[in-house]
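I opened the model today and took notes as I went. I start with the whole chain and then move to single sheets, helices and residues.

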Amino acid sequence: MADFVGALDQGTTSTRFMVFDHGGNEVARHQLEHEQILPRAGWVEHNPTEIWERTRAVIQTTLNKAHLGHGDLAALGITNQRETTVVWNRRTGRPYHNAIVWQDTRTDRIAAALERDGRGDTIRHRAGLPPATYFAGGKVQWILENVAGVREAAEAGEAVFGTIDSWVLWNLTGGTDGGVHVTDPTNASRTMLMDLETLDWDEELLSFFTIPHAMLPTIKPSSAPDPYGVTRPDVLGGEVVLTGILGDQQAATVGQVCFAPGEAKNTYGTGNFLLLNTGEELVRSRAGMLTTVCYQFGQDRPVYALEGSIAVTGSAVQWLRDQLGIISGAAQSEALARQVDDNGGVYFVPAFSGLFAPYWRSDARGAIVGLSRYNTNAHLARATLEAICYQSRDVVEAMAKDSGVHLEVLKVDGGVTANELCMQLQADILGVPVSRPVVAETTALGAAYAAGLATGFWTGTEELRANWNQDKRWQPTWTDDQRQHGYAGWKKAVERTYGWVDVE
């Protein structure tokens, strides 16, 4: 039997390939960034062809570095930025338009119209999502309405849609030469088009966006004993079965072994995403959370989750680096923020794409408030780290209202967890311990777990639990008064961002 499982992690800013052994330990990896295309304010795009080229490159480089071949891999899993939308021609393989990224706000009029005429309530009940620019359905509608020839091609069965998992898997399995067009319930549940109970595309929801059913991929389990397909030989040098697909935040939940109802994780990446496992119970949020599929393993019943999605966290640190130039690298944000003992009264609400959970305010825009001449770039750096943590507290409080579950510990993962000051601030602002695992790249690990469970490489979830080990734990140090005072200032700052842009 092969000794390893591979995982492709196609994220918002980069693509990486990782290889894991039976103990869930990283064996090898390679990672490449791709271009962030910003045609106008609020628009964010990626080049799907560049993403596919990066995919091939990271797989081949990783295997070469580790002196591994296709025969060393028991299976391959895929995890991906979820709502980012690609429409391509199944005959030529060419995308009709750049991928429209989950952060993109061009569909605000589509979302507002759904909300205005009551269709939003149907979407909430059936798909578990509010009408928002975040999700894929509106992005597909925009492409159908604004890119010449796409609607005709879709109605002729030539133009097809997928989130990035579907685009990459279609190319991996042959592209125009027999590529497989599939997705899984975790990605499908981010479109506003899937019924959460049936795990199938819903004709009424499709009609809201005027999307032909023929455009859509087949929905298969997140861990598939019956493989989606096999890799084409020119990518890995031979065939490897593709047996796992999980959207990135669900993948991190699996990688953090949050398999029991009430267990939660928070991933700190471009944005923050906190998921709470609710088991086989479908909990409909009343507090601004999303109801989503957590995973479906084989023919088992789906496991659901409540999710709090925050658009801008790690990317706010990138903004300090790229747009303001006050740091030269993300790691420098910690050193700069440590130069001051507190935020000096400054709050930064990075609502660059509006506010996601629990507010869902597409009319909001970023704001820095509380400035005086006393403040320095160090205060802004600290306020940026605090913004990551305060937004997470907003979500934790909303989840407690929906589920009645009060966190005892928060499991964390993702790139920002390397910032130790930020993790200490998270413990202080939440008032609960924060725990980081030894394997911080739990998104890729979760995709590997889904793929390996399907082939018997791992026997079950208890074996995966045994792989999890804590690297570091942060305990709260703030007093209750500090915590309440800081959070009251944050809530006041959030209100200042409302109504900045007009949404029709």
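**Entry 1: the whole chain**

I checked the radius of gyration first. For 504 residues, a compact globule would come out near 23 Å, and the protein chain has 22 Å, so the value agrees with a compact globule. I note here that this is a predicted model. I then fitted a box along the principal axes. The C-alpha atoms fill roughly 65 × 50 × 45 Å.

Next I looked at burial. Of the 504 residues, 62% count as buried. The accessible surface of the chain is about 18,300 Å², and carbon and sulfur atoms account for 46% of it. I also asked how far apart in sequence the contacting residues lie. Among contacts between residues at least 6 apart, 73% join residues at least 24 apart. For secondary structure I noted 17 helices and 23 strands.

**Entry 2: the six-stranded sheet**

I traced an open sheet of six strands. Its order is E3-E2-E1-E5-E14-E13, and the pairing is mixed. Strand E3 (26–33) and E13 are the edge strands, each pairing on one side only.

**Entry 3: strand E14**

I stayed with the sheet and picked out E14. Is strand E14 (residues 241–247) enclosed or open? Six of its seven residues are buried, so the strand is largely enclosed by the rest of the structure.

I then listed its partners. Strand E5 (residues 73–80) runs parallel to E14, and five bridges join the two. Leu76 has Leu242 as its bridge partner in E14. Strand E13 (residues 229–230) runs antiparallel to E14, with two bridges between them. There, Val230 has Val241 as its bridge partner.

**Entry 4: Thr55**

Thr55 lies in H1. Its relative accessibility is 0%, so Thr55 counts as buried. What does the Thr55 side chain reach? I found the backbone oxygen of Ile51, at 2.8 Å. Setting aside neighbours within four places in sequence, I noted contacts of Thr55 with Leu8, Thr15 and Val168.

**Entry 5: the seven-stranded sheet**

The order reads E17-E18-E16-E15-E21-E22-E23, with mixed pairing. The edges are strand E17 (290–295) and strand E23 (470–474), and each pairs on one side only. Neighbouring strands are turned by 30° against each other on average, direction ignored.

I looked at one pair in it. Strand E21 (residues 410–413) and strand E22 (residues 434–437) run parallel, joined by two bridges. Leu410 stands opposite Val434 in E22.

**Entry 6: helix H14**

I turned to helix H14 (residues 420–430). Nine of its eleven residues are buried, so I put it down as largely enclosed by the rest of the structure. The buried ones are Leu421, Cys422, Met423, Leu425, Gln426, Ala427, Asp428, Ile429 and Leu430.

I checked both ends. At the start, a side-chain oxygen of Asn419 comes to within 3.3 Å of the backbone nitrogen of Leu421. Just after the helix, Gly431 takes a positive phi of about 80°.

**Entry 7: Val257**

My last stop was a loop residue. Where is Val257? I found it in the loop between helix H10 (248–255) and strand E15 (264–268). Is Val257 buried or exposed? Its relative accessible area is 3%, so Val257 is buried.

I then looked for what surrounds it. Leaving out neighbours within four places in sequence, Val257 is in contact with Glu263, Lys411, Tyr449, Leu464, Arg465 and Trp468. I followed up Lys411 from that list. Val257 and Lys411 are 154 residues apart along the chain, and their C-alpha atoms are separated by 10.0 Å.

Key: Residues are numbered from 1 along each chain as its sequence is written. This is a predicted model: local features need pLDDT of at least 70, side-chain atom pairs count only at pLDDT 80 or more; totals for chains, interfaces and linings use all residues. Side-chain values use heavy atoms; hydrogens and water are left out. Buried means under 20% relative accessible area, exposed over 50%, partly exposed in between (1.4 Å probe, protein chains only). Helices (H or I, at least four residues) and strands (E, at least two) are DSSP runs, numbered from the N terminus. A polar contact is a pair of N or O atoms within 3.5 Å; within protein, one must be able to donate a hydrogen and the other to accept it, and residues adjacent in sequence count only if both atoms are side-chain atoms. Two strands pair if DSSP finds at least two bridges between them. Axes are lines fitted to C-alpha atoms, for helices over the stretch in contact, and angles run from 0 to 180 degrees between N-to-C directions. The radius of gyration is taken over C-alpha atoms; the globule rule is 2.2 Å times the number of residues to the power 0.38. Contact means heavy atoms within 4.5 Å. Accessible areas come from the Shrake-Rupley method with a 1.4 Å probe; for residues, only the protein chains shown count as cover.
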